[in-house]
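Look over the sequence and the model before reading on.

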Amino acid sequence: MRPSLHRARPNREGHPDGPRSGPLFGSLRRAWPPTLAVDTSLPTWRGRAVRYVAIYLLMVVTLVIVRGATQHIRPDLRAAQVREAELTTQRDTLVLELQALENPQRLRSWAFANGMRRFTDADKVTQAIPPVPSVPAPVVPEHNLEVRTQWR
Amino acid sequence: MEVKIRNRSALMRVLALGLFLTLVWAYAQLEWGVPQTVRSSVVQARGPIVASDGKVLATSVNGKRVYPQGSIAGQLVGMMGTTDGLEGLEAAYNGPLSAGKPLKLTLDTQVQASAEAALAKAVPEHQGEYGTVVVLETRTGRVLAAATYPPFDPNVWRRYDQATRRNRAFVDNFEPGSTVKALVVAAAMNEGLTTPETVYDTPMRRFVGGRWGSTIGDVVPHPSSLSTQGILRYSSNVGMSHVVEHFPMESMREYLQQYGFGREVSMPVIPTASGQLQPLPRWNELVRATNAFGQGISSTTLQLAAAFNTLANDGQYISPRLVEGAGGVERREVVQPEVARTTRRLLQTVITEGIPTKAGIKGYNLAGKTGTAQTVDARGRYSATVFDSVFAGFFPAESPRVTIAVMVHAAKVEYHGSQLAAPIFKEISADVLSGWAAAPQRDSD
């Protein structure tokens with residue numbers, strides 16, 4: 001597709017040189033306005049169409065492959081969200097159950113029912129702490145250290 | 001051509017109908033769907049209420065407000081309606097809770113459970129109507145427990161009536177009775193009007209108040225002369241009338257106010273009652289004498305605990321606080337530290353000599369004062385059958401760490417303070433001391 005800048009546009013009558021096709025008008029028409037000549041030949045169009053269709057098909061194939069390869073992501077994500085919600089609910093419920101089971105009233109009643117006695121109510125016995133057994137004094141080995149200082 | 005136009009027209013109608021139905025569906029979503037979602041998210045985003053030991057008292061799970069500890073501190077926590085708190089802390093702190101802020105309380109659920117268990121055991125046994133307990137941490141004024149019996153479970157709040165839902169420990173007024181004697185004696189000693197050894201003539205009955213006076217009497221038989229220590233030991237009303245005989249009325253009323261009677265408790269946002277203290281112009285000799293043994297004034301259990309905490313805290317009144325970081329804490333010196341220490345010693349004697357088995361625990365120094373207050377009936381007269389059984393005390397007596405006030409209303413069996421409220425005090429004290437694993441003292445064996 002090479003535009004030809006020097007092709008004359010046909011006038012209304014279909015002739016390159018009409019009634020106003022004097023030397024002056026002819027030169028003006030050629031110079032102004034500048035025209036682009038499009039290559040509309042059949043081989044050019046065919047080649048172009050083939051390229052575009054090929055690109056399109058390539059894109060379609062690519063998209064289909066990508067879609068096919070990633071089709072599980074969305075359901076997986078949804079399933080994960082549902083699971084997360086379930087686990088969150090389960091955690092909250094367990095925390096709640098734990099809190100309820102740790103109820104001090106309940107623990108207290110259970111402890112008393114199972115024979116717990118308060119520290120203040122329990123009998124306390126005292127016992128004198130025996131004196132520390134006498135340990136012989138450690139024998140310190142005689143070890144004389146001689147230091148000689150030399151002044152300079 | 002005509003068929004084509006007709007088909008297109010039909011298609012357009014179907015399309016228009018579809019669009020219209022979509023509009024209706026969208027509007028319906030706005031009308032019905034959104035509020036449900038909003039409610040759920042409001043509840044879910046609501047902040048939890050947590051005790052000082054980490055126990056969750058209220059939280060939101062799956063768009064529902066739940067109270068995992070059941071009836072523990074039920075009246076205090078209150079409950080939530082559709083989107084807002086209706087009563088208790090849920091209502092008082094509705095704003096911060098709605099904004100998702102957690103509410104951390106000073107409550108210790110172990111002490112709370114202990115207080116509730118002690119009430120649940122004693123009140124039905126004595127056929128009482130209701131009872132309240134407040135436990136304070138002496139040095140800080142932190143509320144460790146505020147229990148009300150009968151219990152209330154906010155999870156199923158619709159099953160309870162208004163009276164059961166009320167946080168009586170903070171809002172119900174009653175005459176504190178003889179418990180006030182300890183506070184008045186401390187005030188009189190602080191003014192130099194009496195000493196523990198000062199002896200008074202104490203007949204069982206005495207006429208007080210001159211022309212407009214009345215005869216006051218004692219219940220517990222006692223010697224005909226008692227020292228101030230004996231007056232507390234025998235809970236002598238006649239003796240108290242002697243102790244306050246030279247107490248200037250304005251000064252005595254001021255002391256009672258300084259102890260926190262007849263004024264608002266400095267506890268921001270939380271509803272509390274202020275009780276009643278008669279206005280000064282209505283004071284006369286009789287009012288002074290009756291106020292000295294706790295008649296003619298009223299207070300809540302919370303106020304009584306805070307007043308006794310002043311004696312436990314070396315004479316410094318410190319306003320109770322329930323929410324960590326809520327501010328508004330008041331401190332003031334009511335009596336001198338040595339006066340508070342002397343009063344504590346007198347109150348220790350009340351237990352060791354007066355009611356060692358009812359309120360004392362072997363090996364531990366507990367101090368406190370009983371009270372059996374008459375109640376006012378519907379006609380405005382003192383009832384001869386309905387009494388409030390009261391006790392206020394602290395431990396260890398020499399250096400208190402915990403102050404407790406107990407009140408049980410309208411018990412029919414053994415309703416005296418020493419028979420009903422004092423054992424509740426003992427029960428809670430035993431639990432707390434056992435929790436500390438505090439070693440008993442050999443001296444007091």
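## Model

This is a predicted model. Every value below is computed from it.

## Interface between chains A and B

Chain B brings 30 residues to the contact, and chain A brings 16 residues. The area buried between chain B and chain A comes to about 1,800 Å². Carbon and sulfur atoms give 56% of that area.

Four salt bridges link chain B and chain A. One of the salt bridges pairs Arg118(A) with Glu427(B). Their closest N and O atoms are 2.9 Å apart. On chain B, the elements that give two or more residues to the side touching chain A are strand E2 (56-61), helix H5 (109-125) and helix H16 (421-436). H5(B) gives the largest share of that side, six residues. By class, the side of chain B that touches chain A has 15 nonpolar, 10 polar and five charged residues.

## Largest pocket

The volume of the largest pocket is about 710 Å³. Its lining counts 29 residues. Closest to the pocket centre are Ser178(B), Val219(B), Val220(B), Ser235(B) and Thr372(B).

Which elements of chain B each supply at least two residues of the lining of the largest pocket? They are strand E9 (214-217), helix H9 (228-234), helix H14 (337-354) and strand E13 (367-376). E13(B) gives the most, with five residues. The pocket lining divides into 14 polar, 11 nonpolar and four charged residues.

## Largest cavity

How many cavities of 30 Å³ or more does a search of the whole structure find? The search finds one. The largest cavity holds about 40 Å³ of space.

Chain B residues line the largest cavity: Tyr93(B), Ser266(B), Met267(B), Pro268(B), Ile270(B), Pro320(B), Arg321(B), Leu322(B), Val323(B), Ala326(B) and Gly327(B). By class, the cavity lining has eight nonpolar, two polar and one charged residues.

## Recap

For the interface, the figures to keep are about 1,800 Å² of buried area and four salt bridges. For the spaces, they are a largest pocket of about 710 Å³ and a largest cavity of about 40 Å³.

Note on methods: Residues numbered from 1 in each chain as written. Chains lettered and ligands numbered in written order. Predicted model: local features only at pLDDT ≥ 70, side-chain atom pairs only at ≥ 80, totals over all residues. Heavy atoms only, no water. Contact = heavy atoms within 4.5 Å. Buried area = accessible area lost by both parts, 1.4 Å probe. Salt bridge = Lys/Arg side-chain N within 4 Å of Asp/Glu carboxyl O. Helix = DSSP H or I, 4+ residues; strand = E, 2+ residues; numbered from the N terminus. Nonpolar A, V, L, I, M, F, W, Y, C, P; charged D, E, K, R; others polar. 1 Å grid on protein atoms, 1.4 Å probe; cavity = no way out; pocket = protein on both sides within 12 Å on 5 of 7 lines; lining within 4 Å. Points joined across faces, edges and corners; volume = space filled by probe spheres on them.
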